[in-house]
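This report is intended to be read beside the sequence and the coordinates. Please keep both in view.

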Amino acid sequence: MGCRMKKNILLLLIIVFTQLHLSGLTQWMQVSLRNFSTNAEHDIDIITGDTPQAETIDTASKGGIFWQHEISGNLYRNITFTLENDLLVSEMSHEFKNSFFFNDARFKFYYRNGSQYLKLQYANRTCNPAATKFLNIPDMGHNTQQQMIHNTALHYKGNHGRFHISLYGNLRNLDYEYLTIEEDEVFESESAWDNDIYSYAEFSCNISDQWRSFISGYYKDDLNNSDEFDDSNLGIGLEFDNRFDFFNALKTKVVYYNNNFDSIDDEKDHYFLTEARYTKRFGNSLTGFVTYINRSCYDDDQSQFFRISNMLRVHAKYTYQIRNLKDSFILTGVKYNPENDGNLIFGEVNQYLLKDIYLTAGAKYASELFSTCFVKCEYFITPLRSVWINNKFTDFNNKPAQNIISLGTTLIF
Amino acid sequence: MKRRLIYLILLGILLYFGCEKLSNPEYNIDTSACNSCGECIQICPMDAIEFGPDGKAVIDQTKCNQCGKCITICPKDAIH
């Protein structure tokens, strides 16, 4: 299977690259050297998770390289493509990652023709098992380890007058290995696949310029299990989207979902989602928005409404200097999310220092979870090429603090 | 417009104070804030997060074990 997949990927690459001369390409590339350090105690096994009995673990600073590359262009008249590739090669560390050596490639092809839109996407994530932690696959215990993930997705959107249709399907394959214990206590590694199909359909109608009603259906089939991890819902909703003038815009959505799943609480069978986002501009310098999202459910058995989560986010940005390369600005905001202990306050400043050099600094404080700050200095060699150094420090409430220094370059050509 | 905003605020107050909190938490993504960086996908120990139709991250609630790691790592604080 792996050999055949490699051939397919190679064939796809050859087909794409033979077409590249047909049109101009835009490439974006970012490469950074990383250094990770932590104050972790010797009490965490970075392979299996929290295991107090773990042997002494090396907590010295670790190095790595992160390479992101994106190529986009036109294949034919209405067909565009994007190739994205992220490669991380890093020493194992206490950083919050599942794999420290992976390549994530995404091939996206778009077809746009007036009111029709079609996207075909194939994504492949390949991990080096020697630098990858264990996953907790349902029903498989705690000794599974991802090797490769394939995502093949198709998305169609079409407008037919006042009516719109959106169809989406995604076949996902997770290739993993797990350990089995034989009678004589010999551990054997076996390969397996976890296959899921995700599908979504939405039909909507524009009632007026501002109002839209829609119905939707979602279905997930876990092909490995009978129906325990299957999931489906039907939704019906109303959306209001209006830009009143240049300074004010409001978008709201209310949706009712009828859920049908076995692995989640029955209380969530009748599920309500309410979203509102109000955007306000004060002249050209000060902008802001308020977002409110509520998730609630109604339990038939108890004849009672329950709130699942509330999220209120207030965000403001003041731009005090407009420049060609980057604006100088201050932004600040708060997020109120009591049900998930996600309350936080954040701020960021971007300041022009001197000839083509910019300094960005930010901080974030979440009382229940973490506090973090970063400083980034970027020098633009040309408007499309820059080098930068970034330092980010995070102090988690229940995990070791970590610091990441990155030295990188960003190129557009 | 002011009337609509007042209705929204009243609805929010009603939804917040009028309902009892569900015992089990649930995490979701604010798609308007998500920047599709994929950090949450790389950290999820249950392999429960993947990109959805619009290229934004989506949490598969049947796989999620509510560990909350994604909420700490999201650079845009889009998970709630």
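## Basis and confidence

This is a predicted model, in which local features need pLDDT of at least 70, side-chain atom pairs count only at pLDDT 80 or more, and totals for chains, interfaces and linings use all residues. Residues are numbered from 1 along each chain as its sequence is written, chains are lettered from A and ligands numbered from 1 in the order in which they are written, and side-chain values use heavy atoms, with hydrogens and water left out.

The predictor assigns the complex an ipTM of 0.88 and a pTM of 0.85. Chain B has a mean pLDDT of 85, with 89% of its residues at 70 or more; pLDDT is the predictor's confidence in each residue, on a scale from 0 to 100. Among the elements of chain B, the lowest mean pLDDT, 71, belongs to helix α1 (residues 2-17), and the highest, 94, to strand β3 (residues 57-59). Where pLDDT is low, the predicted coordinates should not be read in detail.

Chain A contains one helix and 20 strands. Helices (H or I, at least four residues) and strands (E, at least two) are DSSP runs, numbered from the N terminus. Of the 413 residues of chain A, 43% are buried; buried means under 20% relative accessible area, exposed over 50%, and partly exposed in between, with a 1.4 Å probe and protein chains only.

Contacts are defined by heavy atoms within 4.5 Å. Of the contacts in chain A with a separation of 6 or more, 47% are between residues 24 or more positions apart.

A:Glu202 stands opposite A:Ser216 in β9(A).

β9(A) is also joined by 10 bridges to strand β10 (residues 231-243) of chain A, again antiparallel. In this pairing A:Tyr219 stands opposite A:Ser232 in β10(A). A:Asn242 lies in strand β10 of chain A and is buried, at 16% relative accessibility. Not counting residues up to four places away in sequence, A:Asn242 touches A:Gln210, A:Asn248, A:Ala249 and A:Leu250.

## Nonpolar cores

A nonpolar core is a set of buried Ala, Val, Leu, Ile, Met, Phe, Trp, Tyr and Cys residues joined through side-chain atoms within 4.5 Å. The largest has 30 residues, of which B:Ile29, B:Cys40, B:Ile49, B:Ala57, B:Ile59, B:Ala78 and B:Ile79 touch the most other members. At least two residues of this core come from each of β15 (328-336) and β16 (344-354) of chain A and α2 (39-43), β2 (49-51), β3 and α3 (69-73) of chain B.

Leaving aside neighbours within four places in sequence, B:Ile79 is in contact with residues including A:Lys335, A:Asn337, B:Tyr27 and B:Cys74.

## Cysteines

A search of the whole structure finds zero disulfides over all chains, a disulfide being a pair of cysteine sulfur atoms within 2.5 Å. The cysteine sulfur closest to that of B:Cys37 is in B:Cys74, at 6.2 Å, and is therefore too far for a bond. B:Cys37 is partly exposed, with a relative accessible area of 36%, whereas B:Cys74 is buried at 11%.

Note on methods: Two strands pair if DSSP finds at least two bridges between them.
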